[in-house]
Amino acid sequence: MKKLINDPRSVVDESVEGFGLAHAHLVTVSADPKYVTRKDAPVAGKVGLVSGGGSGHEPLHAGFVGKGMLDAAVPGAVFTSPTPDQILPATLAVNSGAGVVHIVKNYTGDVLNFETAAELAQAEGVEVRTVLVNDDVAVEDSLYTAGRRGVGGTVLVEKIAGAAAERGDSLDAVAAIGDRVNSNVRTMGVALSACTVPHAGSPSFDLAEDEIEIGIGIHGEPGRHKIPMENADGITDRLLEPVLSDLGISGGEKVLLFVNGMGGTPLSELYIVYRRAAKVIADRGATVERSLVGNYITALEMQGCSISVLRLDDELTQLWDAPVHTAALRWGV
C-alpha cells in the first residue's frame, strides 16, 4: 500500500486539519469533537443544514460547507459513521433559532447516529427535520443499509436544499425540498478497481484485471454483478438504463445529468461517459438542462464512476442555479 499518509490512525485528523487550514476563509474546524462549520455560522434567521458520514468520500461532506449549501459537516472515521457526540454539537453550533435539517445517507450507522443526535438536540429545544437520501438503484439492501443506499444524489440534495435555506425558507419547507430532490433523483455506479482503506492496508474487494463491478457502492460494497470489461459506451448504457427506467423519464422532460468520479478516474474519461449519457437521454426525447461532471462523492482512490439523473422543474432549476460558495462547488458569488 502506497499512500500519502503518516499514520493510518491519524488520517482523518490530519486531513480535516489540513482542510481547515486551506479553506480558513470559508470554514471553522472543531478538533474535539470533530466537525466543520461555515465561518459565519450560525446565520441569523436561517435554517441550518448538517450532513456527514464516513471520511474517504471527499469532497463530500466538508467540501460542501459554505454559503448556499451546508452549514456543518461531520466526518467519521474512514467509511464509518460519525457519532452522536459529534453530530449534536455541530447541530447546536449552526442553530440560529430557525431549526436544523439533517441530510443523511441511507446507511444503518448514519441513520441511527443522526437519529440519536436529533433526539438529543430536540431535548435541548432545537427543532430538527431529517432528509434521508436513498437514490441508488443498484440494490435494495446491502450489509450497510435497509433499503436503497444514499450515493451521488446526496450532492444534489445538499445543493438544492442549501439554496432553499439560503433564500429564507422555513424548516419544513427546506426539508420538503430535500425530500423532493431525493424522490426525483436516481444513481448507479461502476468500479473498475477497488480502493484500499488506510487502516486495512489491502483492497476492499477483488476484481480481476479484465473485470468490472456494476452497481458498486461508495464503500466498496458489491454491486449487481461482475462482468468482463467493456468500452465506455457499453458501461454507460448499463448504468443509465436502470436509472432512467426507475425514474420513468419520458419525452419532453428536463433533467440534470451528473457524472461523478469515484476518486481514481481522470476527467477525460468522465467526459466520455457524459457524452454517451447525454446522447441516450436526448434520444429518449428528454433535455439535459443542467450538468455536473467531476469527483464530488468518491471512494478513496477507486477507479470508476456513477451516473445520477435528477428530474427538474422550474423551482429546482432555480435553486440549482442559486449562488454557492464552498471549497468544492462555487458559482454565482
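A contact here means heavy atoms within 4.5 Å. With that in hand, 73% of the contacts in the chain between residues at least 6 apart in sequence join residues at least 24 apart. This is a predicted model, in which local features need pLDDT of at least 70 and side-chain atom pairs count only at pLDDT 80 or more, while totals for chains, interfaces and linings use all residues. Residues are numbered from 1 along each chain as its sequence is written, and side-chain values use heavy atoms, with hydrogens and water left out.

**Figure 1. The whole chain, before we zoom in.** The chain holds eight helices and 15 strands (DSSP runs numbered from the N terminus: H or I of at least four residues for helices, E of at least two for strands). Its radius of gyration is 19 Å, close to the 20 Å from the globule rule for 333 residues, so the chain is as compact as a globular protein of that length. That radius is taken over C-alpha atoms, and the rule is 2.2 Å times the number of residues to the power 0.38. The C-alpha trace spans about 55 × 50 × 35 Å along its principal axes. Of the 333 residues, 56% are buried (under 20% relative accessible area; exposed is over 50% and partly exposed in between, with a 1.4 Å probe and protein chains only).

Figure 2. Thr236 is buried, at a relative accessible area of 0%. Its side chain reaches the backbone oxygen of Ala232 at 2.7 Å. Setting aside residues up to four places away in sequence, Thr236 touches Val273, Arg276, Ala277 and Ile307.

**Figure 3. Arg148 and its partner Asp246.** Look for Arg148 in the loop between β7 (128–133) and α4 (153–166). Arg148 is buried, with a relative accessible area of 17%. The side chains of Arg148 and Asp246 are joined by a polar contact of 2.7 Å (a pair of N or O atoms within 3.5 Å; within protein, one must be able to donate a hydrogen and the other to accept it, and residues adjacent in sequence count only if both atoms are side-chain atoms).

**Figure 4. Glu211 in strand β9.** Glu211 belongs to strand β9, residues 211–214. At 25% relative accessibility, Glu211 is partly exposed. Beyond its neighbours within four places in sequence, Glu211 is in contact with Leu192, Lys226, Ile227 and Met229. As for Gly99, 112 residues from Glu211 along the chain, the C-alpha atoms of the two are separated by 48 Å.
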